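Colleague: Could you take me through this structure, please? I would like to begin with the ligand.

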Amino acid sequence: MNSEKKLKVFGICGSPKKGATDYIVLEALKYANEKYNAQTEYFSAMGKKMNFCIHCDYCIREKKGCIHKDDLQEVYEKLKWADAIIIGTPVYQGMISGQTKVIMDRCRALAAQDLHFILNKPGAAFAVGGDRIGGQEPSIQAILNFYIINEAIPVGGGSFGANLGGTFWSKDKGAQGAKEDEEGLKSMRKTMNRLIKLASILNKENSNVI
Ligand SMILES: Cc1cc2nc3c(=O)[nH]c(=O)nc-3n(C[C@H](O)[C@H](O)[C@H](O)COP(=O)(O)O)c2cc1C
């Protein structure tokens with residue numbers, strides 16, 4: 001890959017713990033850095049103050065961002081900065097975590113200012129369940145829908161190993177469980193390869209088009 005200009009990859013972890021999701025998103029960023037010389041930024045929901053969207057429509061009326069001046073300001077800045085995005089979530093009740101949902105809901109404030117805030121940026125999804133089939137795919141799908149709705153480009157990892165994105169089985173053992181999930185880590189690497197290659201192509205395209 002031509003590395004004159006480093007690709008910027010932003011990873012979000014929607015877990016409130018330093019557990020499996022944190023481990024996987026950080027591994028993915030490390031992989032992007034070591035294999036593709038990407039520049040990376042990371043945001044974990046752990047310990048962060050993140051208010052619910054209260055549908056006050058301040059963002060729509062004022063076009064000055066969100067009424068909540070909390071820790072999600074950092075996410076807003078980094079989403080705009082990134083060339084490629086990863087959102088990783090733990091599976092809660094067969095779905096994304098509440099933290100992941102809050103992060104995505106609160107992006108309405110960004111769209112209210114600029115509908116194209118992540119236009120044509122490739123985005124990948126990772127989901128970590130305690131069970132082998134615990135709701136990883138609906139969780140991934142919810143994240144991919146977020147990308148579609150916001151004009152980003154959802155990326156999977158391809159057939160024979162990754163399909164819709166990164167799927168992980170932590171066996172409720174936190175980071176250690178993720179580390180032991182070789183199939184899951186393979187799905188992460190396959191997804192990252194697609195994400196970075198597409199970001200690289202789009203970056204060249206975008207420099208001409210936009
Ligand atoms: C409230 C809650 C609901 C959960 N629901 C599910 C579930 O539906 N399916 C599943 O496979 N695991 C479920 N789990 C287990 C977590 O997905 C699993 O432990 C995961 O590794 C947590 O990720 P983390 O270590 O990054 O926080 C649930 C955990 C919690 C706390």
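**Ligand and core**

Modeller: This is a predicted model. By class, five nonpolar, nine polar and two charged residues make up the shell around the ligand.

Colleague: Which residues are the closest to the ligand?

Modeller: Of the 16 residues that surround the ligand, the closest are Ser15, Thr21, Val91, Ser170 and Asp172.

Colleague: What does Asp172 do there, in terms of distance?

Modeller: A polar side-chain atom of Asp172 is 2.6 Å from an oxygen atom of the ligand.

Colleague: How much of the ligand's accessible area does the protein cover?

Modeller: On its own the ligand has 640 Å² of accessible area, and the protein covers 74% of this. Helix H1 (20–36), S3 and S5 are the elements that give two or more residues to the shell. S3 gives the most, with three residues.

Colleague: Changing topic, which residues have the most contacts inside the largest nonpolar core?

Modeller: They are Ile12, Phe43, Val75, Leu79, Ile87 and Tyr147, in a core of 35 residues. Several elements give two or more residues to this core, including strand S1 (8–13), strand S3 (84–92) and helix H6 (136–149). H6 gives the most, with six residues.

Colleague: And what is Ile87 in contact with, beyond its sequence neighbours?

Modeller: Leaving aside neighbours within four places in sequence, the contacts of Ile87 include Ile12, Met104, Phe126, Ile143 and Tyr147.

Colleague: Which residues belong to the second core?

Modeller: That separate core has 29 residues, among them Cys13, Leu195, Ile196 and Leu202.

Conventions: Residues numbered from 1 in each chain as written. Predicted model: local features only at pLDDT ≥ 70, side-chain atom pairs only at ≥ 80, totals over all residues. Heavy atoms only, no water. Core = buried A, V, L, I, M, F, W, Y, C linked by side-chain atoms within 4.5 Å. Buried < 20%, exposed > 50% of the residue type's maximum accessible area, 1.4 Å probe, protein only. Helix = DSSP H or I, 4+ residues; strand = E, 2+ residues; numbered from the N terminus. Contact = heavy atoms within 4.5 Å. Near = heavy atom within 4 Å. Polar contact = N/O pair within 3.5 Å; in protein donor to acceptor, adjacent residues only side chain to side chain. Areas by Shrake-Rupley, 256 points an atom, 1.4 Å probe, with all protein chains shown as cover. Nonpolar A, V, L, I, M, F, W, Y, C, P; charged D, E, K, R; others polar.
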